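Please look at the sequence and the structure shown below, and keep both at hand while reading.

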Amino acid sequence: MPQFDRALVLSGGNVKGAYQAGAVKALLNHTFPDGSRFEPNAIYGVSVGSLNGGFLADRAGRAVRAGQAPDWPAIGQELENFWTDNITSFKSIGKKRGTLSLLSSVLFGKFDGLTTMDGAAALARANIDPDNLRESPAYYTCGVTNMATGDYFDADVGTFGNNILDYVIASTREPVSMPLMWIGDMPMADGGVRSIAPLKPAIKRGAKNLVVIAMKPEQLEPEYARKNFQSILKLLKRTISTLTSEIMNNDLEEVKKVNRACKLGGNELLAAGKHIVEFIEVRPEDRLPIDVTDFDSVDIANLIAMGEAEAKAALAAGWQTGAD
């Protein structure tokens, strides 16, 4: 039975994935007091977390195929370089649809997103190789929502083979903002619609050390809300974000409850295979300062630096259980 006890969970957040890249770099370069480093053997991602997670698993698998052990700190640096080299403006990943085009698509029932995302899809296909995923020592899944059935599922290369890249791309597609990804006759989209950070799959597969890197704060500054929530699209996005973040919060709270029960000697839980899960949560305190359709390389670099700094602070506090 494969061991998936060191899990990395990467949430969604569009181009705020740059923050995640900085946090991942800090994580993979961190040395804990006992001299150990975190080397994931399972990676779970949704939305841009699917892209970042797929990149990490790909590079680990590439090393194995070359007869080498993965150099995780170097892979963390590679992920940062991927962002700084490739994602320098919205034009590098997508294109806004013109007003006339949008009006026409709505009137004639052919709406397919406020933007195109061809650049992002091309980057995924160029940087994630199914053969590398097969050989990766880190099991990888991306969370996808079937918009026809409403079902959420985790897609991996073992199930979908070379078609896994279609599901990675689907996972990065936010409904309404971006085109749906049609796979066969099914419309697939961002797994973050149902689960902003897939903690449950990680726990079910035996995570004992779990690192979750999220990019959406629990609260927004009142001034930001006052200025932006008169936009129906931004209000809708915040509504969905609040609901999906609550799922993540509830999953973490459930982990803490089980940890407390195990610590108090819950023999029935232990006999049922439950165990203490140590976790580290990296999450911004406030809204990340970037416009997802109007940014430049400086904005990306700033988010990377923020992610790295906030991850270092979380890592300095060490593994948590919530059982105290």
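Angles between axes are sorted into classes: those under 35 degrees count as roughly parallel, those over 145 as roughly antiparallel, those from 65 to 115 as roughly perpendicular, and the rest as oblique. The axes themselves are lines fitted to C-alpha atoms, for helices over the stretch in contact, and the angles run from 0 to 180 degrees between N-to-C directions.

This is a predicted model, in which local features need pLDDT of at least 70 and side-chain atom pairs count only at pLDDT 80 or more, while totals for chains, interfaces and linings use all residues. Residues are numbered from 1 along each chain as its sequence is written, and side-chain values use heavy atoms, with hydrogens and water left out.

The chain has 13 helices and 10 strands, where helices (H or I, at least four residues) and strands (E, at least two) are DSSP runs numbered from the N terminus. Of the 324 residues in the chain, 51% are buried, a term that stands for under 20% relative accessible area, with exposed being over 50% and partly exposed in between (1.4 Å probe, protein chains only).

Helix α3 (residues 72–86) has 15 residues and reaches 21 Å from its first C-alpha to its last, close to the 21 Å expected at 1.5 Å a residue; the expected span is 1.5 Å times one less than the number of residues. Its buried residues are Trp72, Pro73, Ile75, Gly76, Leu79, Glu80, Phe82 and Trp83, and they pack against α1 (17–29), α2 (48–65), α5 and α13 (297–316).

| Pair | Angle | Axes apart |
|---|---|---|
| α2 and α3 | about 135 degrees | 10 Å |
| α5 and α8 | about 140 degrees | 10 Å |

Because of its angle, α5 is oblique to α8, and α2 and α3 are therefore oblique to each other. The crossing of α2 and α3 is right-handed, a crossing being right-handed if the near helix is turned clockwise from the far one by less than a right angle, and left-handed if anticlockwise.

Contact means heavy atoms within 4.5 Å. In this sense Val48, Leu51, Asn52, Phe55, Leu56, Arg59 and Ala60 in α2 meet Trp72, Ile75, Glu78, Leu79, Phe82 and Trp83 in α3. By class, this contact has 10 nonpolar, 1 polar and 2 charged residues, where Ala, Val, Leu, Ile, Met, Phe, Trp, Tyr, Cys and Pro count as nonpolar, Asp, Glu, Lys and Arg as charged, and the others, Gly among them, as polar.
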